[in-house]
Amino acid sequence: FEGNANSGVLMRFAEICVYAGEWREAVRLLRKAANLDPSNKKDCLQNIAFCQLNQGEIEAAMGTARAFLEPPVSQNDSKVYISIALAAGRNDDAARQIAQHSQLWPKDQSIRLMSPEEAAKVMDRQGQRVELVRTLYINQAMPLSFLAAELPYSLYEIWNHLRKSESGDECIHFCLSGDRSGDEAKHLVSGKPAVLDYSALLTLSLLRLLPRLLDGLKTVYIEQRTVDYMDRDFVEHKDGLLKAIHDFLHSANPGIRKVSYDLDPGERDSILEKGLGRTAVAALFLAQKQGLPFYSDESGTRDLANQRHVDTVSTRGVLESFKERGLLNYDQKNEALIELLRNNYRVVSFKADLILWAARKAEFEVSPEADVVFHSIQSRWTSEEDYRKVFSEAVVLIWSECREPGKRYRWLEKGLLALRAKQADWQKSAEGYLTECLDAFCRLSPGEIRALVDCILTLAAKNSWRSPHCEDFL
(Lines give C-alpha, C1' and ligand atoms only; values in the text may rest on other atoms or scores of the structure.)
Protein backbone atom coordinates (compact mmCIF):
# COMPACT_ATOMS: atom_id res chain seq x y z
CA PHE A 1 0.00 0.00 0.00
CA GLU A 2 2.92 2.39 0.62
CA GLY A 3 3.25 3.64 -2.95
CA ASN A 4 -0.23 5.22 -3.01
CA ALA A 5 -0.66 5.98 0.70
CA ASN A 6 -1.32 9.51 1.93
CA SER A 7 0.45 11.10 4.90
CA GLY A 8 -2.13 9.93 7.46
CA VAL A 9 -1.91 6.31 6.33
CA LEU A 10 1.90 6.41 6.44
CA MET A 11 1.75 7.72 10.01
CA ARG A 12 -0.53 4.80 10.89
CA PHE A 13 1.95 2.37 9.32
CA ALA A 14 4.73 4.02 11.33
CA GLU A 15 2.68 3.49 14.50
CA ILE A 16 2.46 -0.25 13.70
CA CYS A 17 6.25 -0.30 13.23
CA VAL A 18 6.68 1.31 16.65
CA TYR A 19 4.53 -1.41 18.24
CA ALA A 20 6.70 -3.99 16.50
CA GLY A 21 9.93 -2.33 17.68
CA GLU A 22 10.99 -1.52 14.11
CA TRP A 23 12.27 1.97 14.99
CA ARG A 24 14.27 2.70 11.83
CA GLU A 25 11.39 1.70 9.57
CA ALA A 26 9.07 3.92 11.63
CA VAL A 27 11.45 6.89 11.22
CA ARG A 28 11.63 6.33 7.44
CA LEU A 29 7.84 6.28 7.12
CA LEU A 30 7.42 9.34 9.33
CA ARG A 31 9.91 11.35 7.28
CA LYS A 32 8.04 10.38 4.12
CA ALA A 33 4.70 11.36 5.75
CA ALA A 34 6.09 14.76 6.76
CA ASN A 35 7.27 15.44 3.21
CA LEU A 36 3.88 14.48 1.73
CA ASP A 37 1.90 16.77 4.02
CA PRO A 38 3.78 19.64 5.76
CA SER A 39 0.79 20.21 8.08
CA ASN A 40 1.70 16.90 9.79
CA LYS A 41 5.40 17.80 10.08
CA LYS A 42 5.42 18.63 13.82
CA ASP A 43 3.55 15.44 14.76
CA CYS A 44 5.95 13.39 12.65
CA LEU A 45 9.02 15.08 14.15
CA GLN A 46 7.82 14.43 17.69
CA ASN A 47 7.39 10.72 16.94
CA ILE A 48 10.75 10.60 15.13
CA ALA A 49 12.50 12.04 18.20
CA PHE A 50 11.04 9.37 20.50
CA CYS A 51 11.95 6.63 18.00
CA GLN A 52 15.52 7.95 18.03
CA LEU A 53 15.55 7.92 21.83
CA ASN A 54 14.44 4.29 21.84
CA GLN A 55 17.39 3.49 19.58
CA GLY A 56 19.75 5.29 21.97
CA GLU A 57 20.43 8.07 19.44
CA ILE A 58 20.40 10.92 21.93
CA GLU A 59 22.14 13.52 19.76
CA ALA A 60 19.88 12.78 16.81
CA ALA A 61 16.79 13.08 19.04
CA MET A 62 17.94 16.45 20.40
CA GLY A 63 18.65 17.62 16.86
CA THR A 64 15.08 16.70 15.92
CA ALA A 65 13.75 18.40 19.09
CA ARG A 66 15.50 21.67 18.24
CA ALA A 67 13.22 22.02 15.22
CA PHE A 68 10.45 22.79 17.72
CA LEU A 69 12.33 25.92 18.85
CA GLU A 70 12.53 27.42 15.38
CA PRO A 71 10.41 30.63 15.21
CA PRO A 72 7.52 30.99 15.49
CA VAL A 73 7.48 28.80 18.62
CA SER A 74 4.02 27.84 19.86
CA GLN A 75 3.13 26.93 23.43
CA ASN A 76 2.76 23.27 22.39
CA ASP A 77 6.12 23.32 20.54
CA SER A 78 7.82 24.44 23.73
CA LYS A 79 6.19 21.66 25.77
CA VAL A 80 7.16 19.02 23.19
CA TYR A 81 10.79 20.18 23.31
CA ILE A 82 10.81 20.02 27.12
CA SER A 83 9.34 16.49 27.15
CA ILE A 84 11.95 15.27 24.63
CA ALA A 85 14.83 16.93 26.51
CA LEU A 86 13.72 15.35 29.81
CA ALA A 87 13.37 11.93 28.19
CA ALA A 88 16.87 12.36 26.71
CA GLY A 89 18.33 13.23 30.11
CA ARG A 90 19.30 16.71 28.88
CA ASN A 91 18.26 18.32 32.13
CA ASP A 92 20.05 21.65 31.61
CA ASP A 93 18.32 22.16 28.23
CA ALA A 94 14.96 21.24 29.78
CA ALA A 95 15.48 23.63 32.70
CA ARG A 96 16.30 26.57 30.46
CA GLN A 97 13.24 25.96 28.28
CA ILE A 98 10.95 25.56 31.32
CA ALA A 99 12.10 28.97 32.54
CA GLN A 100 11.62 30.45 29.04
CA HIS A 101 8.20 28.79 28.70
CA SER A 102 7.02 30.22 32.03
CA GLN A 103 8.04 33.72 30.95
CA LEU A 104 6.29 33.49 27.57
CA TRP A 105 3.11 31.81 28.83
CA PRO A 106 2.84 32.65 32.57
CA LYS A 107 -0.80 31.53 32.73
CA ASP A 108 -0.06 28.03 31.40
CA GLN A 109 -0.58 25.72 34.39
CA SER A 110 0.35 22.49 32.59
CA ILE A 111 4.10 23.10 32.46
CA ARG A 112 4.17 23.92 36.16
CA LEU A 113 2.13 20.85 37.06
CA MET A 114 4.32 18.69 34.85
CA SER A 115 7.60 19.79 36.36
CA PRO A 116 7.66 19.80 40.20
CA GLU A 117 8.50 16.12 40.55
CA GLU A 118 11.12 16.57 37.86
CA ALA A 119 12.90 19.09 40.11
CA ALA A 120 16.06 17.00 40.38
CA LYS A 121 16.06 16.35 36.63
CA VAL A 122 15.82 19.93 35.48
CA MET A 123 18.71 21.35 37.47
CA ASP A 124 21.52 22.89 35.48
CA ARG A 125 24.64 21.49 37.16
CA GLN A 126 27.00 23.35 34.83
CA GLY A 127 26.79 26.89 36.24
CA GLN A 128 24.49 29.90 36.48
CA ARG A 129 22.72 27.87 39.13
CA VAL A 130 21.51 30.73 41.32
CA GLU A 131 19.96 32.67 38.44
CA LEU A 132 18.34 29.52 37.00
CA VAL A 133 16.79 28.51 40.32
CA ARG A 134 15.57 32.08 40.91
CA THR A 135 13.98 32.16 37.44
CA LEU A 136 12.26 28.83 37.97
CA TYR A 137 10.76 30.06 41.24
CA ILE A 138 9.71 33.47 39.92
CA ASN A 139 7.91 31.85 37.00
CA GLN A 140 6.14 29.36 39.26
CA ALA A 141 7.96 26.35 37.86
CA MET A 142 9.21 25.41 41.33
CA PRO A 143 7.99 26.04 44.90
CA LEU A 144 9.70 28.11 47.59
CA SER A 145 11.19 25.15 49.45
CA PHE A 146 12.97 24.26 46.20
CA LEU A 147 15.03 27.44 46.60
CA ALA A 148 16.05 26.50 50.12
CA ALA A 149 16.99 22.98 48.95
CA GLU A 150 19.12 24.23 46.06
CA LEU A 151 20.71 27.48 47.32
CA PRO A 152 23.13 28.08 50.20
CA TYR A 153 20.47 29.98 52.18
CA SER A 154 17.86 28.87 54.67
CA LEU A 155 14.16 29.09 53.91
CA TYR A 156 13.88 31.89 56.49
CA GLU A 157 16.62 33.93 54.74
CA ILE A 158 14.95 33.51 51.35
CA TRP A 159 11.49 34.30 52.75
CA ASN A 160 12.83 37.40 54.52
CA HIS A 161 14.49 38.58 51.30
CA LEU A 162 11.33 38.04 49.24
CA ARG A 163 9.02 39.85 51.63
CA LYS A 164 11.27 42.93 51.60
CA SER A 165 12.21 42.84 47.90
CA GLU A 166 11.30 45.86 45.79
CA SER A 167 11.76 43.92 42.56
CA GLY A 168 8.52 43.58 40.64
CA ASP A 169 9.13 39.87 40.03
CA GLU A 170 10.31 38.74 43.46
CA CYS A 171 7.49 37.97 45.88
CA ILE A 172 6.02 35.23 48.04
CA HIS A 173 3.64 33.10 45.98
CA PHE A 174 0.85 33.00 48.54
CA CYS A 175 -2.42 32.11 46.76
CA LEU A 176 -1.93 31.86 43.00
CA SER A 177 -4.66 29.30 42.25
CA GLY A 178 -7.71 31.42 42.99
CA ASP A 179 -9.46 32.15 46.26
CA ARG A 180 -10.26 28.87 48.02
CA SER A 181 -10.48 30.44 51.48
CA GLY A 182 -14.14 29.44 51.88
CA ASP A 183 -13.41 25.75 51.18
CA GLU A 184 -10.34 25.86 53.42
CA ALA A 185 -12.35 27.43 56.23
CA LYS A 186 -14.79 24.48 56.15
CA HIS A 187 -11.88 22.09 56.81
CA LEU A 188 -10.75 24.16 59.76
CA VAL A 189 -14.17 24.91 61.27
CA SER A 190 -14.77 21.15 61.45
CA GLY A 191 -12.05 21.04 64.12
CA LYS A 192 -9.76 18.74 62.13
CA PRO A 193 -6.04 19.05 63.05
CA ALA A 194 -3.52 20.13 60.40
CA VAL A 195 0.16 19.56 59.64
CA LEU A 196 2.02 22.91 59.49
CA ASP A 197 5.08 23.59 57.36
CA TYR A 198 7.70 26.27 57.99
CA SER A 199 6.09 28.84 55.65
CA ALA A 200 2.84 28.69 57.67
CA LEU A 201 4.74 29.27 60.92
CA LEU A 202 6.52 32.29 59.42
CA THR A 203 3.27 33.82 58.19
CA LEU A 204 1.46 33.32 61.49
CA SER A 205 4.41 34.84 63.36
CA LEU A 206 4.39 37.83 60.99
CA LEU A 207 0.69 38.40 61.75
CA ARG A 208 1.19 37.78 65.50
CA LEU A 209 -1.42 35.03 65.34
CA LEU A 210 0.64 32.11 66.70
CA PRO A 211 -0.66 32.51 70.28
CA ARG A 212 -4.24 32.35 68.97
CA LEU A 213 -3.76 29.48 66.53
CA LEU A 214 -4.75 26.77 68.98
CA ASP A 215 -7.93 28.65 69.88
CA GLY A 216 -9.05 27.80 66.37
CA LEU A 217 -7.34 24.54 65.40
CA LYS A 218 -7.05 22.94 68.87
CA THR A 219 -4.36 20.53 67.61
CA VAL A 220 -1.49 21.04 65.17
CA TYR A 221 1.18 18.60 64.02
CA ILE A 222 4.75 19.74 63.32
CA GLU A 223 7.22 17.32 61.77
CA GLN A 224 10.41 17.20 63.88
CA ARG A 225 12.68 18.24 61.00
CA THR A 226 10.69 21.50 60.74
CA VAL A 227 11.31 22.15 64.46
CA ASP A 228 15.04 21.39 64.12
CA TYR A 229 15.31 23.57 61.01
CA MET A 230 13.64 26.49 62.79
CA ASP A 231 15.82 26.05 65.90
CA ARG A 232 18.96 26.34 63.76
CA ASP A 233 17.65 29.51 62.12
CA PHE A 234 16.76 31.00 65.52
CA VAL A 235 20.25 30.33 66.93
CA GLU A 236 21.83 31.93 63.85
CA HIS A 237 19.59 34.98 63.36
CA LYS A 238 18.01 35.77 66.77
CA ASP A 239 15.08 37.36 64.95
CA GLY A 240 11.89 38.39 66.79
CA LEU A 241 9.70 36.48 64.34
CA LEU A 242 11.76 33.34 64.85
CA LYS A 243 11.66 33.81 68.64
CA ALA A 244 7.85 33.81 68.53
CA ILE A 245 7.92 30.53 66.56
CA HIS A 246 10.52 29.07 68.94
CA ASP A 247 8.45 29.96 72.01
CA PHE A 248 5.31 28.53 70.38
CA LEU A 249 6.88 25.21 69.38
CA HIS A 250 8.62 24.68 72.72
CA SER A 251 5.66 25.63 74.91
CA ALA A 252 3.97 22.99 77.05
CA ASN A 253 0.66 23.28 75.21
CA PRO A 254 -0.67 19.72 74.57
CA GLY A 255 -2.23 20.91 71.30
CA ILE A 256 1.24 21.12 69.71
CA ARG A 257 2.32 17.65 68.63
CA LYS A 258 5.86 17.27 67.35
CA VAL A 259 6.12 14.08 65.33
CA SER A 260 9.15 12.42 63.74
CA TYR A 261 8.24 10.93 60.39
CA ASP A 262 10.77 8.42 59.05
CA LEU A 263 10.91 8.54 55.28
CA ASP A 264 11.00 5.05 53.80
CA PRO A 265 13.72 4.29 51.19
CA GLY A 266 11.39 5.08 48.28
CA GLU A 267 10.37 8.43 49.74
CA ARG A 268 13.93 9.26 50.76
CA ASP A 269 15.26 8.68 47.25
CA SER A 270 12.30 10.18 45.40
CA ILE A 271 12.77 13.01 42.93
CA LEU A 272 10.36 15.02 45.06
CA GLU A 273 12.66 14.74 48.09
CA LYS A 274 15.71 15.71 46.03
CA GLY A 275 13.92 18.75 44.63
CA LEU A 276 12.32 20.07 47.81
CA GLY A 277 14.64 18.93 50.56
CA ARG A 278 13.90 16.40 53.27
CA THR A 279 12.30 18.88 55.70
CA ALA A 280 9.49 19.96 53.36
CA VAL A 281 8.91 16.46 52.01
CA ALA A 282 8.68 14.86 55.47
CA ALA A 283 5.93 17.33 56.48
CA LEU A 284 4.03 16.64 53.24
CA PHE A 285 4.28 12.83 53.59
CA LEU A 286 3.24 13.10 57.26
CA ALA A 287 0.03 14.90 56.23
CA GLN A 288 -0.58 12.32 53.51
CA LYS A 289 -0.11 9.30 55.81
CA GLN A 290 -2.16 10.83 58.65
CA GLY A 291 -4.96 11.91 56.29
CA LEU A 292 -4.72 15.49 57.60
CA PRO A 293 -4.85 18.85 55.80
CA PHE A 294 -1.43 20.22 54.90
CA TYR A 295 -1.10 23.85 56.04
CA SER A 296 1.36 25.77 53.85
CA ASP A 297 1.51 29.42 52.82
CA GLU A 298 3.38 28.80 49.58
CA SER A 299 1.31 28.19 46.49
CA GLY A 300 3.77 25.83 44.75
CA THR A 301 4.09 23.54 47.77
CA ARG A 302 0.30 23.31 48.09
CA ASP A 303 0.08 22.43 44.39
CA LEU A 304 2.44 19.52 45.01
CA ALA A 305 0.31 18.34 47.92
CA ASN A 306 -2.87 18.59 45.84
CA GLN A 307 -1.29 16.44 43.15
CA ARG A 308 -0.85 13.78 45.83
CA HIS A 309 -4.54 14.17 46.78
CA VAL A 310 -3.73 15.84 50.09
CA ASP A 311 -6.17 18.52 51.27
CA THR A 312 -4.43 21.86 51.79
CA VAL A 313 -5.12 25.05 53.73
CA SER A 314 -3.43 28.44 53.92
CA THR A 315 -3.52 31.40 56.29
CA ARG A 316 -6.16 32.95 54.02
CA GLY A 317 -8.47 30.08 54.97
CA VAL A 318 -7.43 30.31 58.63
CA LEU A 319 -8.37 34.00 58.73
CA GLU A 320 -11.75 33.19 57.20
CA SER A 321 -12.39 30.38 59.71
CA PHE A 322 -11.33 32.61 62.62
CA LYS A 323 -13.81 35.24 61.46
CA GLU A 324 -16.59 32.64 61.25
CA ARG A 325 -15.81 31.46 64.78
CA GLY A 326 -15.70 34.97 66.20
CA LEU A 327 -11.96 34.76 66.97
CA LEU A 328 -11.34 37.71 64.62
CA ASN A 329 -13.73 40.42 63.54
CA TYR A 330 -14.15 41.65 59.96
CA ASP A 331 -11.70 44.55 60.44
CA GLN A 332 -9.01 42.32 61.98
CA LYS A 333 -9.29 39.81 59.13
CA ASN A 334 -8.87 42.53 56.48
CA GLU A 335 -6.02 44.19 58.40
CA ALA A 336 -4.22 40.83 58.36
CA LEU A 337 -4.73 40.48 54.59
CA ILE A 338 -3.40 44.01 54.02
CA GLU A 339 -0.36 43.18 56.19
CA LEU A 340 0.38 40.15 53.99
CA LEU A 341 0.09 42.25 50.82
CA ARG A 342 2.35 44.86 52.42
CA ASN A 343 4.96 42.12 52.99
CA ASN A 344 5.00 41.11 49.32
CA TYR A 345 2.63 38.14 49.59
CA ARG A 346 0.88 37.87 46.25
CA VAL A 347 -2.56 36.49 45.46
CA VAL A 348 -4.19 35.86 42.10
CA SER A 349 -7.69 36.96 43.03
CA PHE A 350 -9.17 39.71 45.18
CA LYS A 351 -12.66 40.49 46.40
CA ALA A 352 -14.19 43.91 45.91
CA ASP A 353 -15.08 44.10 49.59
CA LEU A 354 -11.37 44.38 50.50
CA ILE A 355 -11.13 47.59 48.41
CA LEU A 356 -14.41 48.84 49.86
CA TRP A 357 -13.15 48.11 53.40
CA ALA A 358 -9.98 50.14 52.72
CA ALA A 359 -12.15 52.99 51.35
CA ARG A 360 -14.52 53.01 54.32
CA LYS A 361 -11.66 52.91 56.81
CA ALA A 362 -10.20 56.11 55.31
CA GLU A 363 -13.63 57.75 54.92
CA PHE A 364 -13.31 57.27 51.17
CA GLU A 365 -9.93 58.96 50.85
CA VAL A 366 -7.30 57.01 48.93
CA SER A 367 -5.39 55.60 51.91
CA PRO A 368 -2.07 53.71 52.37
CA GLU A 369 -4.11 50.51 52.70
CA ALA A 370 -5.71 51.20 49.33
CA ASP A 371 -2.28 51.88 47.83
CA VAL A 372 -1.12 48.45 49.05
CA VAL A 373 -4.11 46.74 47.42
CA PHE A 374 -3.69 48.56 44.10
CA HIS A 375 0.07 47.90 44.07
CA SER A 376 -0.62 44.18 44.54
CA ILE A 377 -3.29 44.19 41.84
CA GLN A 378 -0.77 45.61 39.37
CA SER A 379 1.49 42.58 39.84
CA ARG A 380 1.76 40.03 37.05
CA TRP A 381 -0.10 37.44 39.16
CA THR A 382 -3.47 39.20 39.04
CA SER A 383 -5.02 38.76 35.62
CA GLU A 384 -6.42 41.73 33.72
CA GLU A 385 -9.83 40.01 33.57
CA ASP A 386 -9.95 39.43 37.34
CA TYR A 387 -8.96 43.02 37.99
CA ARG A 388 -11.61 44.44 35.67
CA LYS A 389 -14.30 42.46 37.47
CA VAL A 390 -13.13 43.35 40.97
CA PHE A 391 -12.54 47.01 40.20
CA SER A 392 -15.91 47.53 38.49
CA GLU A 393 -17.63 45.94 41.51
CA ALA A 394 -15.62 48.18 43.86
CA VAL A 395 -16.51 51.31 41.87
CA VAL A 396 -20.22 50.50 42.15
CA LEU A 397 -19.94 49.87 45.91
CA ILE A 398 -17.97 53.09 46.51
CA TRP A 399 -20.24 55.12 44.18
CA SER A 400 -23.27 53.83 46.09
CA GLU A 401 -21.92 54.84 49.51
CA CYS A 402 -19.81 57.94 48.85
CA ARG A 403 -21.60 61.09 47.72
CA GLU A 404 -18.59 63.43 47.48
CA PRO A 405 -17.60 63.96 43.79
CA GLY A 406 -13.93 64.67 44.58
CA LYS A 407 -13.46 61.43 46.52
CA ARG A 408 -15.31 59.42 43.88
CA TYR A 409 -13.05 60.91 41.21
CA ARG A 410 -9.83 60.10 43.08
CA TRP A 411 -10.83 56.44 43.62
CA LEU A 412 -11.80 56.03 39.99
CA GLU A 413 -8.53 57.60 38.83
CA LYS A 414 -6.48 55.34 41.14
CA GLY A 415 -8.22 52.25 39.82
CA LEU A 416 -7.97 53.17 36.15
CA LEU A 417 -4.29 54.05 36.49
CA ALA A 418 -3.69 50.60 38.01
CA LEU A 419 -5.61 48.98 35.15
CA ARG A 420 -3.75 50.98 32.53
CA ALA A 421 -0.45 49.76 34.04
CA LYS A 422 -1.57 46.21 33.16
CA GLN A 423 -2.55 47.13 29.58
CA ALA A 424 -0.15 46.96 26.66
CA ASP A 425 -2.44 49.19 24.58
CA TRP A 426 -4.98 51.18 26.55
CA GLN A 427 -6.49 52.84 23.48
CA LYS A 428 -7.60 49.51 22.00
CA SER A 429 -8.75 47.97 25.27
CA ALA A 430 -10.62 50.89 26.87
CA GLU A 431 -13.85 50.00 25.10
CA GLY A 432 -13.47 46.33 26.01
CA TYR A 433 -12.87 47.24 29.65
CA LEU A 434 -15.99 49.40 29.82
CA THR A 435 -18.05 46.70 28.09
CA GLU A 436 -17.02 44.16 30.73
CA CYS A 437 -17.89 46.65 33.47
CA LEU A 438 -21.41 47.27 32.12
CA ASP A 439 -23.11 44.56 34.19
CA ALA A 440 -21.78 46.14 37.37
CA PHE A 441 -22.21 49.79 36.32
CA CYS A 442 -25.83 49.28 35.27
CA ARG A 443 -26.77 48.59 38.88
CA LEU A 444 -26.32 52.36 39.47
CA SER A 445 -29.11 54.83 38.89
CA PRO A 446 -29.19 56.69 35.54
CA GLY A 447 -27.94 59.86 37.21
CA GLU A 448 -25.00 58.06 38.82
CA ILE A 449 -24.13 56.37 35.51
CA ARG A 450 -24.07 59.81 33.85
CA ALA A 451 -21.75 61.10 36.60
CA LEU A 452 -19.51 58.05 36.20
CA VAL A 453 -19.29 58.50 32.40
CA ASP A 454 -18.44 62.19 32.79
CA CYS A 455 -15.77 61.24 35.33
CA ILE A 456 -14.18 58.70 32.96
CA LEU A 457 -14.17 61.21 30.08
CA THR A 458 -12.53 63.83 32.33
CA LEU A 459 -9.86 61.31 33.35
CA ALA A 460 -9.32 60.31 29.73
CA ALA A 461 -8.73 63.94 28.75
CA LYS A 462 -6.43 64.59 31.72
CA ASN A 463 -4.26 61.52 31.12
CA SER A 464 -4.24 61.58 27.30
CA TRP A 465 -6.37 58.44 27.12
CA ARG A 466 -8.69 59.97 24.56
CA SER A 467 -10.02 57.32 22.24
CA PRO A 468 -12.76 57.87 19.62
CA HIS A 469 -13.98 54.31 20.21
CA CYS A 470 -14.17 54.87 23.95
CA GLU A 471 -15.97 58.21 23.66
CA ASP A 472 -18.47 56.92 21.08
CA PHE A 473 -19.20 53.95 23.29
CA LEU A 474 -19.74 56.14 26.34
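1. Buried here means under 20% relative accessible area, exposed means over 50%, and partly exposed lies in between (1.4 Å probe, protein chains only). This is a predicted model, in which local features need pLDDT of at least 70 and side-chain atom pairs count only at pLDDT 80 or more, while totals for chains, interfaces and linings use all residues. Side-chain values use heavy atoms, with hydrogens and water left out, and residues are numbered from 1 along each chain as its sequence is written.

2. A salt bridge is taken as a side-chain nitrogen of Lys or Arg within 4 Å of a carboxyl oxygen of Asp or Glu. That rule gives 20 salt bridges.

3. Lys407 and Glu404 form one of them, with their closest N and O atoms 3.5 Å apart. Lys407 is buried at 11% relative accessibility, whereas Glu404 is partly exposed at 43%. Through shared partners, salt bridges join Glu365, Glu404, Lys407 and Arg410 into one network.

4. Arg24 pairs with Glu57 in a salt bridge of 3.3 Å, N to O. Arg24 sits in helix α2 (residues 23–36) and Glu57 in the loop between α3 (41–54) and α4 (58–65), so the pair ties together parts 33 residues apart in sequence. Helices (H or I, at least four residues) are DSSP runs, numbered from the N terminus. Arg24 is exposed, at 60% relative accessible area; Glu57 is partly exposed, at 25%.

5. In the salt bridge between Lys42 and Asp77, the closest N and O atoms are 2.8 Å apart. This pair links distant parts of the chain, Lys42 being in helix α3 and Asp77 in helix α5 (residues 75–87), 35 residues apart. Lys42 is partly exposed, with a relative accessible area of 32%, and Asp77 is buried at 5%.

Methods: Helices (H or I, at least four residues) and strands (E, at least two) are DSSP runs, numbered from the N terminus.
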